[in-house]
Amino acid sequence: MDKPLNANRLRTHFSLIKLIAWTCIFLGLILFFSLHYPHSSPSNRLKYLEDSDWKYQILNSGRPKSRNGFRVLVTGAAGFVGMHVSTALRQRGDGVVGLDNFNGYYEKSLKRAREDLLKSKDVFIVEGDINDGVLLTKLFKLVKFTHVMHLAAQAGVRYAMKNPGSYVHSNIGGFVSLLEVCKLMNPQPAIVWASSSSVYGLNKKVPFSEIDRTDNPSSLYAATKKAGEAIAHTYNHIHGLSITGLRFFTVYGPWGRPDMAYFFFTRDILKGKQISVFEGLNGFTVSRDFTYIDDIVKGCLGALDTATKSTGSGGIKKGPAQLRVYNLGNTSPVPVSKLVNILEKLLKVKANKVVSPMPANGDVLFTHANISLARRELGYKPTTDLQSGLKKFVAWYLDYYKPSGKKSSV
Ligand SMILES: NC(=O)c1ccc[n+]([C@@H]2O[C@H](COP(=O)([O-])OP(=O)(O)OC[C@H]3O[C@@H](n4cnc5c(N)ncnc54)[C@H](O)[C@@H]3O)[C@@H](O)[C@H]2O)c1
């Protein structure tokens, strides 16, 4: 009689242990996710949206300091271009609220350092994703944005081989989510956003002009930017949103992006690491129309200043609205080998370089912008050559990273 009773007790005992173990695992997982994604749970986010200090910072940051200043929402404000554009807007008296999800595509500490810099200039960055419609609507409720400078995106061509979903998430889903909120506003803001020179894809005709074909992208990144241009057309056509797309050409400068060649060449040259300089078939020289950040910022401000108002409200179009696309380049392509020579001289270190064939990862062989349209309509006039721009970048790099030993002198 005792035996089955014991067996039953034992079974209950083990079930209890199992239950406790599963509960611990479950609670552990909840703890892990809430620590790693602090704003991802709805209840957490709603609390955050009601925080009065948070609201105060947004209101303060979004308030223009000059009489006719704009109120601009800058997405991707902790990014390279976003930080510079936000600074310039705030410096001239506009109200600026940043939005960035601080993703880990490249070192987060650099994004946080940019955030600190913006904080010192009275610009607050909201931490959140452009796919979060509730958050976007809340921001528009707090500040009647006159303009949106949309720079948040998954940038970089090569990373699409590893994480294609991130391009669709930010460059397509995120853009649509932002436009969905903008279209419902009354008044609707005017939107200026970053497309890319990569939309010219495999085009052979140079310099690239806005009227050239852009239907042969060579990377997923380019395809999502091209999709963005088509999406912009739709929201302009149906909802009367004023939208300006800017096709940036290889932007470089202080506070730049660590995934870009000029940046990691600098890091690797200083470390004495080998760098690969790619060439095309039959020794074709790879070159880029490197454009200095201050010139790009002037182009962005020119686009914001010449943007006319959106014509719709509450999602309904009231008349035709402005739809524009401009190249913002330097119109002076430089071979990548020359970029390396300039860096060697500025860093006073000989690069350990190998020339190798360009891998098939979506990169194009050359870019060259025709900027006459932007010159005419935005007053865009780049003034910084690669040598002078890299000098400023290297000075910033050495100051920011304070690299210890240099390897070998030129
Ligand atoms: N730098 C260039 O050479 C270049 C060239 C062509 C086009 N562009 C475009 O210009 C814009 C700015 O580029 P950048 O060089 O400053 O890149 P960046 O990566 O430094 O900045 C983009 C910022 O957007 C944020 N972000 C990404 N996805 C987001 C999301 N879903 N929600 C909220 N924030 C998000 C990132 O955290 C990042 O801080 C991008 O749209 C990029 O595609 C840049």
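Helices α6 and α7 are oblique to each other, a class left over once angles under 35 degrees are taken as roughly parallel, over 145 as roughly antiparallel and 65 to 115 as roughly perpendicular. The model is a predicted one, in which local features need pLDDT of at least 70 and side-chain atom pairs count only at pLDDT 80 or more, while totals for chains, interfaces and linings use all residues. Residues are numbered from 1 along each chain as its sequence is written.

Two packed helices are described by the angle between their axes and the distance between the axes. For helix α6 (residues 133-142) and helix α7 (residues 164-184), the angle is about 40 degrees and the axes are 10 Å apart. Axes here are lines fitted to C-alpha atoms, for helices over the stretch in contact, and angles run from 0 to 180 degrees between N-to-C directions. The α6 and α7 crossing is right-handed; this term applies if the near helix is turned clockwise from the far one by less than a right angle, and left-handed applies if anticlockwise. From α6, Gly133, Leu136, Thr137 and Phe140 meet Ser177, Leu178, Glu180 and Val181 of α7, a contact requiring C-beta atoms, placed from the backbone, within 7 Å. The residues of this contact comprise four nonpolar, three polar and one charged. In that division Ala, Val, Leu, Ile, Met, Phe, Trp, Tyr, Cys and Pro count as nonpolar, Asp, Glu, Lys and Arg as charged, and the others, Gly among them, as polar.

The chain as a whole contains 13 helices and 13 strands, these being DSSP runs numbered from the N terminus (helices H or I of at least four residues, strands E of at least two). Of its 410 residues, 41% count as buried. A residue is buried if 20 or more other C-beta atoms, placed from the backbone, lie within 10 Å of its own, exposed if 12 or fewer, and partly exposed in between. Among contacts in the chain with a separation of 6 or more, 82% join residues 24 or more positions apart.

An open sheet of seven strands runs in the order β3-β2-β1-β4-β5-β6-β11, with parallel pairing; strands pair if DSSP finds at least two bridges between them. At the edges stand β3 (124-127) and β11 (323-328), each with a single partner strand, so one side of each has no neighbour in the sheet. From one strand to the next, the twist averages 20 degrees.

Within this sheet, β5 (residues 190-196) pairs in the parallel sense with β6 (residues 243-248) over six bridges, and serine 196 has phenylalanine 248 as its bridge partner in β6. Strand β4 (residues 147-150) also pairs with β5 in the parallel sense, over four bridges; here methionine 149 stands opposite valine 192 in β5. Seven of the seven residues of β5 are buried, so the strand is largely enclosed by the rest of the structure. In a regular strand the side chains alternate between the two faces of the sheet. In β5, Ala190, Val192, Ala194 and Ser196 point one way and Ile191, Trp193 and Ser195 the other way, and all are buried.

Leucine 328 belongs to the edge strand β11. It counts as buried because 28 C-beta neighbours lie inside 10 Å. Its contacts, not counting residues up to four places away in sequence, include Leu246, Arg247, Phe248, Ile296 and Tyr380. The C-alpha atom of leucine 328 is 6.4 Å from that of isoleucine 371, although the two are 43 residues apart along the chain.

Helix α4 (residues 80-91) and helix α10 (residues 293-306) cross at roughly 60 degrees, and their axes come within 10 Å. They are therefore oblique to each other, and their crossing is right-handed.

Several backbone features remain. A cis peptide bond with omega of about 5 degrees joins asparagine 186 and proline 187, the latter in the loop between α7 and β5. Another cis bond, with omega of about -10 degrees, joins valine 206 and proline 207; proline 207 lies in the loop between β5 and α8 (220-239). Phenylalanine 102, in the loop between β2 (95-100) and α5 (108-120), has phi near 50 degrees, a positive value in a residue other than glycine. With 15 C-beta neighbours inside 10 Å, phenylalanine 102 counts as partly exposed. Lysine 402, in the segment after α13 (386-401), likewise has positive phi, near 45 degrees. Lysine 402 is exposed, with 7 other C-beta atoms within 10 Å.

Key: Two residues are in contact if their C-beta atoms, placed from the backbone, lie within 7 Å.
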